[in-house]
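Q: I am new to this structure and would like to learn how to read its features one at a time. Could you take me through them slowly?

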Amino acid sequence: MPMRFMLSRSSTSRFCLLSSVLFFFSAFHQSATAADQVFDELRFGTSASINGGGAHEAGIFPSATIYFHPLSSGDAATWKEAILEPRIYLGASVGVGDGVDQIYGGFSWTADITDRLFVELGLGGTVHNGDVAQNGGSGPNLGCRLLFREQIAVGYRVTGNWQILATADHSSHANLCDGPNDGLTHAGLAVGYKF
């Protein structure tokens, strides 16, 4: 499937993107038991735009993310050791309404506050189907197709496998390419299942 088809703004392609993501993650879930040393967590969430003014996106943004831990030994005793052992993540969010669709990935670090409460920081990039030039209409003008992406979450481990999180993410090009830089900023909730 060509990337430009996946990133078109039609409702049919959004449905195809979300269906593909869900199929992709269900296949990972079925094989995760046999390969639990690679797959760490499957996370589903929803968020909304918190951009102000004309950069605000209407609607909600369902998302799915898979976390891997091939760099993590699970034995990091100090925060310095934990910095050297991030998890890798890949995910997608679909803008319901006139929102921007994204496919993203990067590295994620987790710091425990208590045995159940934790904070997570992620750094990476995203590719999107939003407007890159001044469009004069509603919604963000993003300047270029590839953006830097940062995410933060505060989570609570309900059980050994299930956790809930309050999330926020921001994507922009940090003024490294020509054009506008309204950015994408979302906040929401997510549920994660640790394998």
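A: Let us begin with a term: a residue is called buried when its relative accessible area is under 20%, exposed when it is over 50%, and partly exposed in between. Please keep in mind throughout that this is a predicted model.

Q: How many residues of β1 are buried?

A: In β1, 8 of the 11 residues are buried, and the strand is therefore described as mostly covered.

Q: Which strands pair with β1?

A: Strand β1, residues 39-49, pairs in the antiparallel sense with β8, residues 184-194, over 9 bridges, and 9 bridges also join β1 to the antiparallel strand β2, residues 60-68. Glycine 45 shows both sides of this arrangement, with serine 63 as its bridge partner in β2 and alanine 190 opposite it in β8. Leucine 42, in turn, has tyrosine 193 as its bridge partner in β8.

Q: In what order do the strands close into a barrel?

A: The 8 strands follow the order β1-β2-β3-β4-β5-β6-β7-β8, with antiparallel pairing, and neighbouring strands of this sheet are turned by 25° against each other on average, direction ignored.

Q: Which residues form the nonpolar patch on the surface?

A: The patch consists of Ile113, Leu117, Val154, Tyr156, Val158, Trp162, Ile164 and Val191, which together have about 690 Å² of accessible area. Strands β6 (146-157) and β7 (162-172) each supply at least two of the patch residues.

Q: Why does tryptophan 162 count as partly exposed?

A: Tryptophan 162, which lies in strand β7, counts as partly exposed because its relative accessibility is 44%, a value between the cut-offs of 20% and 50%.

Notes:
Residues numbered from 1 in each chain as written. Predicted model: local features only at pLDDT ≥ 70, side-chain atom pairs only at ≥ 80, totals over all residues. Heavy atoms only, no water. Pairing = 2+ DSSP bridges. Helix = DSSP H or I, 4+ residues; strand = E, 2+ residues; numbered from the N terminus. Axes fitted to C-alpha atoms, helices over the stretch in contact; angles between N-to-C directions. Patch = residues over 30% accessible without salt bridge, like charges linked within 9 Å, V, L, I, M, F, W, Y side chains within 5 Å. Areas by Shrake-Rupley, 256 points an atom, 1.4 Å probe, with all protein chains shown as cover. Salt bridge = Lys/Arg side-chain N within 4 Å of Asp/Glu carboxyl O. Buried < 20%, exposed > 50% of the residue type's maximum accessible area, 1.4 Å probe, protein only.
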